[in-house]
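User: Hi! I am new to reading protein structures. Could you walk me through a few features?

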Amino acid sequence: MWYDLEGRSNPSISDVMSFTVIVSDGVHTITQDTIISLLDANDNRPIFEEASYDFLLPENTAVGSSLFTVKASDQDTGLAGVISYSIGEVTPSSGIGLFGIVNDTGEVRLLGNLNNTGLSTFYSLQINATDGGGRCYFNETIYLSSVTYAYITVEGGLQFIGVPYVGSIEENSPLGTFVLNVTAASQNTGEDYKITYSIEDATVDGLFTISSDEGIISVLSEIDREESGDIVVLTIEATESNLNIHGVHSKVRTRVQISIIDVNDNKPEFYKCGYSCVKETHFTEEVYETIYPHIFLNMTIRDLDKHALNKLTLGGADKDVFSVPPEFHNWELWLDVRQPDKLDYEKTQQMIIEVIATDQDDTSLHSTATVTINIKDVNDNSPKFPQATYRLNVTEHADFGTVVANITATDADDPDTANSQIMFSIEESKYSDNFTIDPDTGVLRNSGELDREALDPELDGKIELNVTATDKGTPPLSTSVPVTIEVEDINDNKPQFAEASYQFSVKEGEKGAFVGSVTAEDLDQTSYFNRISFGIVGGSFGSFIIRTYEMERGYRGNITVDPEIHLDYESERKQFTLRVEAADLELLSAEVTVVVNVEDVNDERPEFLPTPTVSVKENTTIMEAVGRFTAEDKDTNHSLVYELESIECRCDGSMKPCNYFIVDPTGEVRVNPEVTVDYEECEQVVLEAQVVDLFTEKGENNSATPGRMEINIEDINDNIPEFIFSDYVFVVVSESAVKGTSVAGVVATDRDSGVNRQIEFEVTEVQFKDRDNQTINMKLLFEAVTTQQNEVYVGTIQTTEELDVSLKGKYLVTVTATDAGDLSTSTVLEILTAERSTVVVLEFSSSEEEVMKNLTDIIRELSAATEATVEIVNIRPVADRKSRSSGGTIIVAYFIDSNGTALTADEVENKISKSEHYDALKELGLVQIGSLPGPEPSNSLLIFVLGTLAGITVVLAGLTTTVIYTYKRRMRDQKEVKESDADADRERVAAQTIPSERRKAIIKILKLIWRRGKVVQQWQFAEGVWIPKEEDAKNIDHFRIISLLGVKGRIFFSKGARQLTDFPSSNGYTDTSVQKRGISWWVAQCIKDW
């Protein structure tokens, strides 16, 4: 690449170049930055600014003088750009040594004397320019140079002295008059040296001469400045007598300027100029009469003297009409019109004046010229109207072409010329097209139907025209006159409403309220024809009135509600369509429809709509609305906001305040995020809400009755079964227990509902703890049988095989209750082992009624005396069953000490007889203590009830009829049922002493037993557990009621049920006496026994 530092087109390019070099073998890459400095090479020659130099030197130039300077430049830098100068060749060679040059500046100097007679008159110098040298592409130093030439011409030594030469002479000077003297001199000397002078040229020949030996210039002939001019130039030549080196005589020339001084010797003269100017003394001009203010004449005045000052004056009969400039120089003349009214063709057609030109320096020098002015006629009069203005009338809707007026005008110009002929026209304007005018006669007519209402109302029916009268002169002159034409109004317009229809709104209930305005206009422009009155001609039903008001333009009708009328939005008529009429005085009318909408005023109370029942699952956490209160408001403009007024939950059959739900202002009901909805706690929620209309303007803003919403809580399986724990003590007589014997029972509930509350019982573990408190694991000797009794589930624990009679202590039986969702819980039952011989029979002398009354005291004294827990099995009268009048009562019981061992009858008798409580028991009627003789009963389960369950009691019968009738003492027979109705009434009265709550419960359960005669046969009483079978359980709810009876009531109930089983018939109703007595008697008897 070739790079030229001196040839850079972009000055910003640096002498230093940098670039990046990348080397790669395909895998590895190396990058290196490289900098290159550009060094200048001696590649440019010196260049002279001039291709050659030419100089003219006087022969007498002093030695050492600087003649001229040459200049060269070199684009290289450093030494290569340094230039030195030298003189090479000199032609002719005789000039060598005459010239020298400064090496570093190029200045050429004269080193010797010049002589164009002894030496040369011309020299050629070769001048060299050489740079300081440098290297270019190789190591050798080179020098570059250039050559130019200088050419020097040496002028001779002959020269004029005292130049320039300037002289002057007056015109008309005598011949031979001296003008001036010229002198020439030379360096050449000698005896025979001589200079001669001559006139070689002159701008005006023959006026001057020069002496050849002295150079004196003088007048040769008469001089007239007006002919020769102001300056005469002579060319004078001086010649040497000796020859120079070339063999010729040296000569030199100079110019001599001679000024001719003017002399006032000429009078002013008049000239007429066309293609040329000639002297003239009579001039004729034609001008129009209206010319003003100058009349230019084809007249020129000249005075040949140089500084002539002439004065002009006028003469003749008409000289006063005009004037001329008082002083005049050599140019064209004009006349100023001083009296233009005199220059009137109608008064005179010609004027003659004299123009006199006089030389002010010499009044004898003057001239006179006559000027004839012919006046030409012009159109200088405009037409004139006889009136300054015209006021005309024309009827509205006048027929086309109706003559409105005849406009006339006159012209003062000659009637026989076009200047006085007049033409009429209407100037263009807004309404000019509505009229025409005959251009020759000036008759003005309407050009179409005239409608006053189509005019601008501000014109008040008046049309302004400008009629122009123009003559036919050149140029034409015209005059205009204003013409006012009033279009007379007629009643040709009916009222017009501003709108095609109107629609307004007015609030209900505002008497006399402003409804809106209608506007109408009658385009007739006179008040008589355009006055309007409004009226309502239909659709008002007497509810609205209208009043008329005048406006700046047109009329307005204000519609208002009749002051006696009360508009009601809630009525059937919410909109009125009025027919409003606008009529002028001549009963031209128009009609418009006005729709009036009655606007609702928020004066109605909101009302709740029925709210459907909502179901919500318990434990829900949904954020969305579960329900919504909805209210309606008859008002169209309302904003309803809902507020919770009360919330109650149905819990255990009763309502109580709660906070399960909240109500949004929009009426949406949501679950309270701070509360958990629990079905087991409350199954239903009742919300009452109030709604408020924020936009209410009048009256109450809330609903008259609150909104009500019922929310049913749906159960989910979120509760484990719960055992109903009791203070039962289960005792099993091992020696008589066989497979399938019921030995214990459990009761459990699940707070869930439906399928989620179904429970199954299972025996999952059996252990035995002996009397030494040693516990061993047993196989599953027991199983659980599950039954449902209304709201609870009962698990009957039965043996799966015969029990080991040798074991003394208690079984620890783990029973698990599991619901349908596999949620479970467990409890451990303690079943004591006991022998039949440990049954204790206590006889009291008091009646069964007295024993039941004192039962709590009896149990307390027995427990204190024996230091054991008393387990009552049954209470029965001792008398014969057929005679209820005999006294005495027996109590069958177990006594369990603190380690779970049952005391025998002897042990009980021994402890009581030694106890301090013996006397108290005797006072309570205790007369005898014994055991249970006879064969073993067919059912060996003995269960003792120690307390009351919370919510439900399972009554387990303790002894069979076999046990009852093998008692050591005689038991009383059942009392005859054939007693009088008076006894039944008396017993019913006695029953009134029972507390009301329990009495109601007893009566209800006994009536259930009576009415369902088959219940005894369907109960599983024969196996010792007194519960209904599955098909009757859904209809008998007495288990919930029995919980109110207490211990005495439950024992009585067992007895009453057993009485029904004694009836021989399968349906339990064969005893006619009982049937005759009826349910009321039997219930009273049962209450009395209790």
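Analyst: Happy to! Let us start with Asp414, which counts as partly exposed because its relative accessibility is 38%. Buried means under 20% relative accessible area, exposed over 50%, and partly exposed in between (1.4 Å probe, protein chains only). This is a predicted model, where local features need pLDDT of at least 70 and side-chain atom pairs count only at pLDDT 80 or more, while totals for chains, interfaces and linings use all residues. Residues are numbered from 1 along each chain as its sequence is written, and side-chain values use heavy atoms, leaving out hydrogens and water.

User: Where does Asp414 lie?

Analyst: Asp414 lies in the loop between strand 34 (403-406) and strand 35 (422-426). Strands (E, at least two residues) and helices (H or I, at least four) are DSSP runs, numbered from the N terminus.

User: How do I read strands that form a sheet?

Analyst: Strands of a sheet pair through backbone hydrogen bonds, either parallel or antiparallel. Two strands count as paired if DSSP finds at least two bridges between them. Here, four strands make an open sheet in the order 40-42-45-44, with antiparallel pairing. Strand 40 (496-497) and strand 44 (544-550) are at the edges with a single partner strand each, so one side of each has no neighbour in the sheet.

User: How many bridges pair strand 44 and strand 45?

Analyst: Seven bridges, in the antiparallel sense, pair strand 44 with strand 45 (residues 555-561). Within this pairing, Ile545 stands opposite Thr560 of strand 45.

User: What should I look for in a peptide bond or a backbone angle?

Analyst: The bond from Thr91 to Pro92 is cis, with omega near -5 degrees, and Pro92 lies in the loop between strand 7 (83-91) and strand 8 (99-101). Another cis peptide bond joins Thr474 and Pro475, where omega is about -10 degrees. Pro475 is in the loop between strand 38 (462-471) and strand 39 (478-488).

As for phi, Glu867 has a positive value of about 55 degrees although it is not a glycine. Glu867 sits in the loop between helix 4 (855-866) and strand 68 (869-877).

User: Is Glu867 buried or exposed?

Analyst: Glu867 is exposed, because its relative accessible area is 66%. Asn172 also has a positive phi, near 70 degrees, and its place is in the loop between strand 15 (165-170) and strand 16 (178-181). Asn172 counts as partly exposed because its relative accessible area is 37%.
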